[in-house]
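This report looks at the overall fold of one chain and at its contact with a partner chain. The structure is shown first, and the description follows.

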2 protein chains.
Amino acid sequence: MTEVIIAGLGQTSAGEHWDAGLRDLGYHAIDTALKDAGSLRPQALFVGNMLAPNLSHQSHLGALLADFAGLSGIEAVTLEAADASGGAALRQGYLAIQSGLVGTVLVVGVEKFTDQVGPGVEEALATISDSDYEAVQGMTPTAQAALLMQRYLHEYKVPEGGFAGFAITAHANGAGNPNAMFQKAIKPETYAKAGMVSEPLNIFDVAPPADGAAALVLTRRDLLPANWPHPLVRVAGSATASDTLALHDRKDLLFFEAAQLSAGKALKQAGLILDNLNLFEYNDSFSIYAALALESVGFAVRGKGWRLAAEAEIALDGRIPCATLGGLKARGFTGGASGVYQAVEAALQLRGQAGKNQVADARNALIQSLGGPASTAVSHVLQRVD
Amino acid sequence: MTEVIIAGLGQTSAGEHWDAGLRDLGYHAIDTALKDAGSLRPQALFVGNMLAPNLSHQSHLGALLADFAGLSGIEAVTLEAADASGGAALRQGYLAIQSGLVGTVLVVGVEKFTDQVGPGVEEALATISDSDYEAVQGMTPTAQAALLMQRYLHEYKVPEGGFAGFAITAHANGAGNPNAMFQKAIKPETYAKAGMVSEPLNIFDVAPPADGAAALVLTRRDLLPANWPHPLVRVAGSATASDTLALHDRKDLLFFEAAQLSAGKALKQAGLILDNLNLFEYNDSFSIYAALALESVGFAVRGKGWRLAAEAEIALDGRIPCATLGGLKARGFTGGASGVYQAVEAALQLRGQAGKNQVADARNALIQSLGGPASTAVSHVLQRVD
């Protein structure tokens, strides 16, 4: 097995970039990652994106970004798996290096919500659900999450405000991330007074759409230049799994099988167990998904995921720090870029470059990118080598 | 290097499938390919698709098709590189097996043009061009091809009707393919009298949009069951290259650099030269692209690609048979499925199962999938092993 090193990191701030299009955001992240990677030059570019064909009337982002970044000629394609697209792009970059046919690759996730020329965001987001059987009934991703949360509250008798801990943790951590969309902590009262989006989801249970791009340079360890300046971080485990697209086909609404399956495979490949992990970048597009991910991966028993947030076990100094740089809730819901943001953020933690939000002695991180209600789940274990 | 075998083939007919959606088409191709592959079971599904997010308001096709095909749980993602998406999916399936982490994969290309719920086909197709600088000016893929053909006619003084040979060859071969959209030969007079689409492209210079799906099962040779019933076909070479997305950035309008680069790499990997090839499945979405591909890959000198068609050198018994089962022109322009159709068709030739259209003693085939005006080019060499 080839040792795959994360050799370059780049990101734009997440938020409303009215002055930057897809190519500008993608270029900025690529350029930053390439500078971070010193003299390494990529032979391939894997782009993660979810909604550009609809919101920006722009597909073919592989050729677009390779061209705009001055890399025209290299292999360049787009990976799409709804909001797990970024994770899928990282996975493909990893497989490409493992194949032995490519030495160094760029992985970039990019999403552009503002200034859209196509349909509105919620209509575009509905394309990731089952168009024939769910979206056509108005069942958008937000409606799916609301249904799951309602069922969860009913099954497990969660007290009022029981989910507040996810947003409170995310915003507390966003305050320490200069690239986060929201850099201000919130109080329990703020959560309690928030307006409903789709009952019982209030506005703090929903991650806000954010423009942004993040990029990684991956390479084989033997290709690293001498006197490499950064602490070494490798991809120690990688797996993707799928589940039914439509909720009505689920045997069990409150368990994310693909999240369990992909995390289990990635951990097994890395030779680690949950206790070895120092942080978990989960997919908190909705607070209910964070809770279900914690339970499906195994950090909490069923029905108790919310308590990890309520009891600060996911805080930076808790048992398993989550959303350490704000997560999707406070960094921003960067759509198909989110999986790459997670990787950049986890790599910063493992390098010891996470600033005020540094998790002490972070050596092993699990990151997990979900497409819809975990119809796709992409999990990676990142590990500090030296 | 792992020997990657094409172990299963499936396709729907190409054409107007008013009674079948994306999932039905995809399922039919997958089911046929899995039956063809005997007891092999895939661990991953790579989907090639170009326009479903726009035309059918459906993305997330990996999870959708894995689910509908009864494979829920497996790794499943979508590759997008405009009309080279099918080639890109094949390439990713190949890389996945070469990585050693996956043993058997499904590659499926699917496209659905009829019965669209989104914008019209030409508006959706324009998303593969540069949205900010070309599509916004009305520069659709058809307009790009018309500009290139106009320039070609001007530069090389091609006689009237000089391009007719591409459509005549394609339709002659379509007549022998029960899955082709058009199964009727045409005469030079038919081409001469055809109406213009975008001058100088007439309707026979443009491949017709067709619904369809094609699928492949790829596996490692050591995983093939005993008493394998089919002649063995392997993927002997694989490469993807990119070029500028916008035509205005091209140094040379009449040469497809990415087509040259990717074909050259794939041939080099296979240890072959052009003279070793028994057939070439080119990307004849427009006749001008077929001519430029023949020149860029090296079968003809610049300005003479059209003569290979005019002089029947691309016929089934010619020097280098092309579009042997109708190509995009007569089988149908199956969008992001085209690259997988090409692979299925070339594999049928190499197995000796191409019926009336069998190329004698076919052992080595080059297939090439183009995204737009070769802004992406994916090339594969398929080879009969035994």
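In this predicted model, 68% of the 386 residues of chain A count as buried, and the accessible surface of the chain comes to about 12200 Å², with carbon and sulfur atoms holding 51% of that area. The secondary structure of chain A is made up of 13 helices and 11 strands. With a radius of gyration of 19 Å, close to the 21 Å that the globule rule gives for 386 residues, chain A is as compact as a globular protein of that length. Along the principal axes, its C-alpha atoms fill a box of roughly 55 × 45 × 40 Å. Among the contacts in chain A with a separation of 6 or more, 77% come from residues 24 or more positions apart.

The charged side chains of chain A number 27 positive and 38 negative, and 7 Å lies between the centres of the two sets.

| Chain | Residues in the contact |
|---|---|
| chain A | 59 residues |
| chain B | 59 residues |

Conventions. Residues numbered from 1 in each chain as written. Chains lettered and ligands numbered in written order. Predicted model: local features only at pLDDT ≥ 70, side-chain atom pairs only at ≥ 80, totals over all residues. Heavy atoms only, no water. Helix = DSSP H or I, 4+ residues; strand = E, 2+ residues; numbered from the N terminus. Rg over C-alpha atoms; globule rule 2.2 N^0.38 Å. Buried < 20%, exposed > 50% of the residue type's maximum accessible area, 1.4 Å probe, protein only. Contact = heavy atoms within 4.5 Å. Areas by Shrake-Rupley, 256 points an atom, 1.4 Å probe, with all protein chains shown as cover. Lys, Arg positive; Asp, Glu negative; His and termini not counted. Charge placed at Lys NZ, Arg CZ, Asp CG, Glu CD.
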